[in-house]
Every structure is written in C-alpha cells, then in structure tokens.
Amino acid sequence: LVILVILITRYFVDIPVWDAWEMVPVIQKSYAGGLTINDIWRPHHGHRLFISRPIILILARLTHWNTFYEVILNIVFASGIFLLILSQIKQSFGNKKFPPTLVFILSLLIFSINQFENWLLGFTLHIFLHVLVVVIGVKLLTGPELKRKHICGAFVAGLVATGTFATGLIFWWIALLLIQVHQNTKTSLSRYVAAFWIGTSLAITFIYLYKFNSETQTFWLANATNWVNLMLFTFMYLGRPITIFLYLDTFWGMFLGLYVSVTTSVIIFFLVKQKQKHRVIMPFIAYLFYAVSAGFFTAIGRAHLGIEAARPSRYITVSNLFWIGVVVIWYLFYQQIHKRRIYSFVLKLLPVLFITFLVCVVLSSYRSLDLLISYSARFREERAAALEYAKTGKLTVFYQNAETMKQRIEVLRKYKLSVFRE
C-alpha cells in the first residue's frame, strides 16, 4: 500500500481523462441551476451511475474538481475491501489461524499496480466502490445468523452496487442464492425473504433497463447470440489480472481463465463432498461466481469490440474477486489433503503452482508500472494541451470531437475547475 501511494503521488495528473469529460455538462448544470434527476439517471456506456455521479459532483463542487480527491477515495475503498475480506476470512474460519502468506497474496491482488487505470483516474471510483459494497453484501449474508438487519444491509449494498456498475444487477441474484443456502432456515423471517428478494430483484432489473439506449440494446442482443465470443471474452477477463505482462497476447489470459475455472470447480466439488461447512466456503464461492458472471455480463456489452476489449486494467478490480476466491479455496483444499494425507502428488504440485502464480503477479506488476508511467505522460500532454488552448485557442491534442472538447475546456475555465482551479 505504501509503494502504491508513493507511485500515485508521483505519477498522478490532475486532469479529466476519457469518460471523466462526460461529467463536465453535469457539473456545469449544477452551477447554472439546471441539474435534473435525468442527468444523474441517464445511461453511461451501459451503466447507470446514479450513485457515483453525485459523489463526483459533490467532490467537484467542494474541491473545484481536484480529481486527486477521487483517487484518494479509490485508495480508501481498496483498503476497505482488503480489511473486509480479512474479516470475512476470520468470520468463515472462526478461531483458526490463517498464514501471513495468505494475507500477503490478498494484499498483492487488492493493491496491485495492475489496476493502474483505476489508480490514475478518479472517475473510476465507481468500480472500487462497487466491489466494496459487493464484499459487504456477501459478508452480511454469510454470517452465522441471518436477521432483518443483515437483509436490510444487503439490500442497501445491492442498490449501491447497481448504481455504480451495471454488473450490480448480478448481485441481487447471487444474494438470493446466499439467502437460500443459509443454514438459519427455522426463523419466520427466512420464509418470506426469498419471495421479497425475487420480487425486488425483478423490479430493480426492469427499472434499470427500462428505456435504455436502443443502440446499446442492439449490441447486447447481437453479442448474446455469439456464445463462442462470450466465453472467450469471459475467460480473458478472468485471466487478465495475472497475465497483463503479456500485454498484447490474449491466448494465455483465456487459457488461464479457463484452466483455473475448471480446476477450482473440481476443488469446490471435492470440498463439498468432504462436508466442508457452507459457512466457511460459501463467501468465496460467491466471489468466484460474481466475478465469472461479471465477466460474462461485460462480454454481452463489449464482445462486439473484440476479445481485446477484455484487456483494460480497470476491469481487474472486479476480476480480482475471482482470484481472491481461488486463493482461499485452494488454501482450504491444501489444508484438507494435507490433513488427510491424500493426493501426495498434488501436495508436491501446489507449491510449484503457488510460485508460478507469484511470478506472474510480479511480472504483471512490473509491466503495469511501465504502462502506468506511459499513461501518466499521456495525461500530462492532455493537461498541457488544455492550458495551451486557454492561451492560444488551439487544441494541440487530437480528440474525436474537438469542438465538444473546446466547449468543455471553456466550462472548466469559466468555473475555475481542475487545471484552471488556481
């Protein structure tokens, strides 16, 4: 975490980048007095950011849109994810000690430089917030008891997850499964929770998708019929966190995503047959299932752009949940076979797999550092171009719609926002 903070401080550039420019009209309306609910609710590339937009808007008004504060929130959210997962492990394992090595691996994943886009772009705070509330929701629904307060907390987590990323719609159905498998089935509460949750999930899904962009829906339908592309995209999405060092190579990401998905499924089957308690294993199965579903859901929205569209590092924050689940489940598997002294060849193989995993993580981090530095340099050019435009009226950096960018730079200048703050 300390190394990450040093890198962010060194390479962060205070300038709206990419999708962040779409916030300029919203911020402008907040100053001019024309802001409406529709400005908060409207779709954004397949998402409805009705939770994260207000957060960014409030921060922009309070700081004259110093996007470094958004990045600080990313670090806070990531720290919350780390602490909550440690708490989840403690809750699941009870008083059993888990090795420092496990904590180290989890920290490598959660604070990995591989998510360099999310460490440099404040606008992506919705992704870290999204993962945070998903972890909160899973923890609430997998505790030793299932009470009304846990259901209400998970409901709020679901709303925030839905309002920060489209894959939040998946949370409602995973939460339903967690409710169904919960051991506390004798209370009167549990008899009505499932019916309430199903009705609520259907209603929220309908409201979310109602009057969605017709072009986006066309892409969804087209992608949904191409199962080969959907599966390849999903496996690439899952394998990306530890194969980013093979930046332009999609094969190994897809292969690793498929291989680990299959082997982990076999391990889960083994653990269930060994009567591993649901309370121990279910949270991490939920992480796995959520990440796989998120990859598939993302494929429906992005597969028409090609399998390469699964490569952006901003997705790694979500797909990391897959690897967190894998690490814990494989650790439980190791415990079981070591305790029962079975599958001795597997016991010898697991350390080799562990070392290979660490090597891939280190190589990916090293490659990501190069990418982080190159992105930072590009953002510095964009910042300089905005300042140059304010002086000369010439936009020296190419944008797809230069006139729109000029108008938005003028808004920043008028309200003394971002690069024009001082």
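Q: What makes the crossing of H8 past H9 left-handed?
A: In this predicted model, H8 passes H9 in a left-handed crossing. The term means that the near helix is turned anticlockwise from the far one by less than a right angle (clockwise would be right-handed). Residues are numbered from 1 along each chain as its sequence is written, and side-chain values use heavy atoms, with hydrogens and water left out. Local features need pLDDT of at least 70 and side-chain atom pairs count only at pLDDT 80 or more, while totals for chains, interfaces and linings use all residues.

Q: Why are H8 and H9 called roughly antiparallel?
A: H8 and H9 (residues 148-162) pack at an angle of about 160 degrees, with axes 8 Å apart. Angles over 145 degrees count as roughly antiparallel (under 35 is roughly parallel, 65 to 115 roughly perpendicular, the rest oblique). H8 and H9 are therefore roughly antiparallel.

Q: Which residues of H8 and H9 make the contact?
A: H8 brings Leu129, His130, Val133, Val134, Gly137, Leu140 and Leu141. H9 answers with His150, Ile151, Gly153, Ala154, Ala157, Val160 and Ala161. Contact here means heavy atoms within 4.5 Å. By class, this contact has 10 nonpolar, 4 polar and no charged residues. Gly counts as polar, while Ala, Val, Leu, Ile, Met, Phe, Trp, Tyr, Cys and Pro are nonpolar and Asp, Glu, Lys and Arg charged.

Q: What makes a space in this structure a cavity?
A: A 1.4 Å probe fits there, on a 1 Å grid over the protein atoms alone, but cannot get out. The search finds 2 cavities of 30 Å³ or more.

Q: How do you know which helix gives the largest share of the lining of the largest cavity?
A: Lining residues have an atom within 4 Å of a point. H16 (316-340) supplies 4 residues, the largest share. H8 (125-141) also gives at least two. The lining includes Phe128, Val131, Asn320 and Ile324. It holds 6 nonpolar, 3 polar and no charged residues. Asn320 also lines the second largest cavity, with Leu108, Pro241 and Val361 among the others.

Q: What makes a pocket something other than a cavity?
A: A pocket is an open set, with protein on both sides within 12 Å along at least five of seven lines. The second largest pocket has a volume of about 690 Å³. Of its 26 lining residues, Trp330, Leu350, Leu353, Phe354 and Phe357 lie nearest its centre. H17 gives the largest share, 7 residues. The lining divides into 23 nonpolar, 3 polar and no charged.

Technical notes:
Points joined across faces, edges and corners; volume = space filled by probe spheres on them. Axes fitted to C-alpha atoms, helices over the stretch in contact; angles between N-to-C directions.
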